[in-house]
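Please consult the sequence and the coordinates alongside the text.

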Amino acid sequence: MVQKRRRVGLSPADTGVEANECIKIYLDKGITDLKSALQNIFAETIVDNKDEFMKTFSTEKDFIRNMVSNGEVVHSGVIDRSSIDAQVAPEFLCSLKEHKEEPLYQIVGFTAVYKFYRYPDSLRMRLSQILVLPSFQGKGFGSYLVEVVNKVATAENVYDLTVEEPSEKFQHIRTCIDINRLRAFDPIKPAIDSAVETLTKGKLSKKAQIPRFTPPLNAIDKVRETLKINKKHFLKCWEILIYLALDPIDNYLDDYTSVITNHVRAGILGKDIEAPKKQVVDVPTSYAAEASFVVFKSLSGNDVQVDENKPDQEEQLKQLVEERIREIKLVAGKVSKLRI
């Protein structure tokens, strides 16, 4: 006899909090000593007059150049300047032309990564922060930074690369980059072809049991070992790879949607829906009529007990599937123009 757990429905995704909403500064009425009020926030970097600021600025004017000169170049490349020059102040461009013998540097963005131990004898790499300054956004610098991090992870042969709480926008960029890497990765092409061949054979949406169409373990291992793409992210990319391989997609969209529905449901329930289903049957007792039950496997896969919340859960599941399909189509639409 075991204690009965509450059934948990599907909750909406946590969209997070905007960075600008995380910090609020309140000043007292009347005359306020701003320096003392802001000292705890900005520490010793704050100054209270223009002359002091200009003196500090003059002293530190070579900070960026020295930092870059003394640093280690992990990767270098060229980004089309035609779209960048329009975002850079004319006086800065003029300065660049006048100082050809001494290159000037300007920070346009940065990323932060760290490593942590993975049992028994390897390290994982995690991207924790990435930022492109507003004036340079939409010019390809973010994608370039992600590609550099991928190269570093590969060069240092970490176990895999993960991302710390990625935003929706960043996740989209990351997925587009990794899809193109995966499409050029020959070792997984037979697995994709096999999955597509099975999916296009018949009307899967009419069948009671639908295969999961997840990649084989050897494909997951090869992708992690070579491209450093972690398993969770690869499974998301795998759905898009299959979508791109279905041609024409309209002929197989119903069956493909059934596959995605299976993936979403399995992710929510945390179990493999292909396996014999575990059924729950209430067994009232004199000890606790509402808190006891029996769990068993149903080899037939037929439901024995119907959850009273099932209609609402099915509607929420449908919405999640529709959202996932939209995401897949968005990524596929962008990368399909770059046929490998």
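The largest cavity holds about 80 Å³ of space, where a cavity is a set of points on a 1 Å grid over the protein atoms alone at which a 1.4 Å probe fits but cannot get out. Its volume is the space filled by probe spheres set on the points, with grid points joined across faces, edges and corners. The model is predicted, so local features need pLDDT of at least 70 and side-chain atom pairs count only at pLDDT 80 or more, whereas totals for chains, interfaces and linings use all residues. Residues are numbered from 1 along each chain as its sequence is written, and side-chain values use heavy atoms, with hydrogens and water left out.

**Overall architecture**

- The protein chain has eleven helices and five strands; these are DSSP runs numbered from the N terminus, with helices (H or I) of at least four residues and strands (E) of at least two.
- Of the 340 residues of the protein chain, 29% count as buried, that is, under 20% relative accessible area, with exposed meaning over 50% and partly exposed in between (1.4 Å probe, protein chains only).
- Among contacts between residues at least 6 apart in sequence, 67% join residues at least 24 apart; contact means heavy atoms within 4.5 Å.

**Cavities**

- The structure holds two cavities of 30 Å³ or more.
- Residues lining the largest cavity include Leu127, Val146, Asn150, Phe170, Arg174, Asp178, Lys228 and His233; lining residues have an atom within 4 Å of a point.
- Helix H5, strand E3 (161-163) and helix H6 each supply at least two residues of the lining of the largest cavity, and the largest share, three residues, comes from H6.
- By class, this lining has six nonpolar, three polar and three charged residues; Ala, Val, Leu, Ile, Met, Phe, Trp, Tyr, Cys and Pro count as nonpolar, Asp, Glu, Lys and Arg as charged, and the others, Gly among them, as polar.
- The second largest cavity has a volume of about 30 Å³, and its lining consists of Leu199, Glu239, Ile242, Tyr256, Val259, Ile260 and His263.
- Helix H10 (253-269) gives the largest share of the lining of the second largest cavity, four residues, and the classes in this lining are five nonpolar, one polar and one charged.

**Nonpolar cores**

- The largest nonpolar core has 38 residues, and those with the most contacts inside it are Leu182, Ile188, Phe234, Ile242 and Tyr256; such a core is a set of buried Ala, Val, Leu, Ile, Met, Phe, Trp, Tyr and Cys residues joined through side-chain atoms within 4.5 Å.
- At least two residues of this core come from each of H6, helix H7 (189-199), H8, H9, H10 and helix H11 (310-335), with the largest share, eight residues, supplied by H9.
- Apart from this core lies another, of twelve residues, among them Val152, Val163, Phe170 and Ile177.
- Leaving aside neighbours within four places in sequence, Phe234 is in contact with Leu182, Ile188, Pro215, Ala219, Ile220, Val223, Ile229 and Leu241.

**Helix H8 and the residue after it**

- In helix H8 (residues 217-227), the buried residues are Ala219, Ile220, Val223, Arg224 and Leu227.
- Seen down the axis of H8, these residues fall within an arc of 130 degrees, so they line one face of the helix; the arc is that of the directions from the helix axis to the C-beta atoms.
- The cover over the buried residues of H8 includes helix H5 (141-155), helix H6 (168-183) and helix H9 (231-245).
- Lys228 follows H8 and has a positive phi, near 65 degrees; at 5% relative accessibility, Lys228 counts as buried.

**Other backbone features**

- Most residues other than glycine have a negative phi, and most peptide bonds are trans.
- Asn157, in the loop between H5 and E3, has a positive phi near 55 degrees and is exposed, with a relative accessible area of 55%.
- A cis peptide bond joins Tyr119 and Pro120, with omega about 5 degrees; Pro120 is in the loop between strand E1 (109-118) and strand E2 (122-132).
- Another cis peptide bond joins Asp247 and Pro248, with omega about 0 degrees; Pro248 is in the loop between H9 and H10.

**Cys176**

- Cys176, in helix H6, counts as buried at 12% relative accessibility.
- Not counting residues up to four places away in sequence, Cys176 touches Val331, Lys334 and Val335.
- The C-alpha atoms of Cys176 and Ile240 are separated by 9.8 Å, and the two residues are 64 residues apart along the chain.

Note on methods:
1 Å grid on protein atoms, 1.4 Å probe; cavity = no way out; pocket = protein on both sides within 12 Å on 5 of 7 lines; lining within 4 Å.
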